[in-house]
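Please look over the chain shown below before reading on.

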Amino acid sequence: MGLNIRDIVPRKEISLEELKGKVIAIDAFNTLYQFLSSIRQHDGTLLQDSKGRVTSHLSGIFYRNMSLLNEGIKLIYVFDGIPPELKYETNTKRSEIKKQALEKYEDAKEKSDLESMRRYSQQTTRLTSEIIEESKELLIAMGIAVIQAPSEGEAQASYLVRTQQAYAVASQDYDCLLFGAPKIIQNLTLAKKRKTASGFIEIKPEMIELEKVLNSLQIDHDQMICLGIITGTDYNPGGIYRMGPKKALQVVQKFKQPSIIFKQFEEQDFNWQEIFEMFKKPDVDKISEIEFPKFNPDKIKEILMEREFSEDRIDNQIKKHLELKEKKKQKGLGEFI
């Protein structure tokens with residue numbers, strides 16, 4: 001679900017070249033859901049090996065992250081921990097939506113409606129403990145840092161950017177703005193092209209900067225959190241009845257202080273102070289140093305070939321990456337000659 005404020009948030013297109021040498025904290029769950037939703041067969045079924053084990057997530061992690069690593073970008077994947085109790089209603093609704101989507105998928109399957117099968121199958125995506133552990137194992141083998149958050153991954157990733165241990169958070173959601181992330185990058189781990197009814201369109205990374213958002217909307221960060229709560233967050237799905245982002249913006253601009261803002265909505269069925277504190281003082285590990293594992297070609301091959309990936313394709317990716325690293329090292333040595 002997440003925060004629905006896309007229409008009022010300024011952004012700019014960026015190139016991967018601009019991120020060279022930067023550390024990016026990736027919202028792991030958000031990204032794994034992308035891979036599981038988009039990397040599927042024509043009928044909507046997930047990619048699997050001959051034993052029926054899901055491989056869509058491993059394909060996304062390997063191929064899309066290798067391209068980012070080859071651009072000279074350092075990556076940290078931040079995984080969610082125990083969700084806050086406030087998120088219970090959201091998770092219940094998500095489970096119900098998945099259940100309904102599965103029923104519609106089975107109906108479409110009986111009719112051999114491939115388009116509907118693919119659409120509804122994407123809505124049934126679930127992250128299992130097995131998928132999460134396999135993902136961590138492959139990421140570490142690829143030299144990508146893995147951090148286990150105590151609670152919300154977005155909050156932990158935002159902390160890393162706030163403390164300048166990472167340059168930006170990569171996430172498709174906007175919640176990181178409420179957690180105070182100075183920079184968010186969207187579309188970073190998506191495929192470079194997306195199929196639409198009129199053909200393929202190019203997908204480019206986009207940068208959202210908190211300071212520019214606040215200046216553009218003429219509000220401060222506390223008002224930004226209030227704006228999110230009014231329109232609806234994972235802790236109060238749906239927000240306040242008939243309050244879209246533009247109306248909510250007018251309210252927070254006019255009344256400014258959180259307590260006065262929410263006095264305008266006496267009948268809300270949620271505790272705004274509790275939600276406000278979740279964003280203002282989230283549960284995070286106060287990490288002071290990130291350790292990046294070594295790139296391990298043998299382990300990468302072991303993991304992927306056990307799941308029946310093409311050895312040639314794996315070798316080509318690894319070879320390209322090692323050649324780029326060697327080229328960079330030689331260039332660096334040349335500067336001292």
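How many bridges join S6 to strand S9, and do these strands run parallel or antiparallel? S6 is joined to strand S9 (residues 206-209) by 4 bridges, and the two run antiparallel. This is a predicted model, in which local features need pLDDT of at least 70 and side-chain atom pairs count only at pLDDT 80 or more, while totals for chains, interfaces and linings use all residues. Residues are numbered from 1 along each chain as its sequence is written, and side-chain values use heavy atoms, with hydrogens and water left out.

**Overall chain**

- The chain holds 14 helices and 9 strands, where helices (H or I, at least four residues) and strands (E, at least two) are DSSP runs numbered from the N terminus.
- The radius of gyration of the chain is 21 Å, which agrees with the value near 20 Å that a compact globule of 337 residues would have; this radius is taken over C-alpha atoms, and the globule rule is 2.2 Å times the number of residues to the power 0.38.
- Along its principal axes, the C-alpha trace spans about 65 × 65 × 40 Å.
- Of the 337 residues, 50% count as buried, a term that means under 20% relative accessible area, with exposed over 50% and partly exposed in between (1.4 Å probe, protein chains only).
- Among contacts (heavy atoms within 4.5 Å) between residues at least 6 apart in sequence, 71% join residues at least 24 apart.

**The sheet**

- An open sheet of mixed pairing is formed by 7 strands in the order S1-S9-S6-S5-S2-S3-S4, with two strands taken as paired if DSSP finds at least two bridges between them.
- Strand S1 (12-13) and strand S4 (145-148) are the edges, and because each has a single partner strand, one side of each is left without a neighbour in the sheet.
- Strand S3 (residues 74-79) runs parallel to S4 and is joined to it by 4 bridges, with Val146 in S4 as the bridge partner of Tyr77.
- Strand S5 (residues 168-170) and strand S6 (residues 183-186) pair in the parallel sense over 2 bridges, and here Val169 stands opposite Ile184 in S6.

**Gln186 in strand S6**

- Gln186 belongs to strand S6, and its bridge partner in S9 is Glu206.
- Gln186 counts as buried because its relative accessibility is 2%.
- Leaving aside neighbours within four places in sequence, the contacts of Gln186 include Arg6, Arg11, Asp173, Lys204 and Ile208.

**Helix H1**

- Helix H1 (residues 28-38) lies across strand S2 (23-27) and S3, and runs at about 95° to S3; axes are lines fitted to C-alpha atoms, for helices over the stretch in contact, and angles run from 0 to 180 degrees between N-to-C directions.
- H1 is mostly covered, with 9 of its 11 residues buried, among them Phe29, Asn30, Leu32, Gln34 and Phe35.

**Nonpolar cores**

- In the largest nonpolar core, which has 55 residues, Leu160, Leu177, Met224, Leu227, Ile230 and Phe262 touch the most other members; such a core is a set of buried Ala, Val, Leu, Ile, Met, Phe, Trp, Tyr and Cys residues joined through side-chain atoms within 4.5 Å.
- Helix H9 (residues 221-231) gives the most to this core, contributing 6 residues.
- Leaving aside neighbours within four places in sequence, Phe262 is in contact with residues including Cys226, Ile230, Ile240 and Trp272.
- A second, separate core of 43 residues includes Leu46, Leu75, Ile132 and Leu188.
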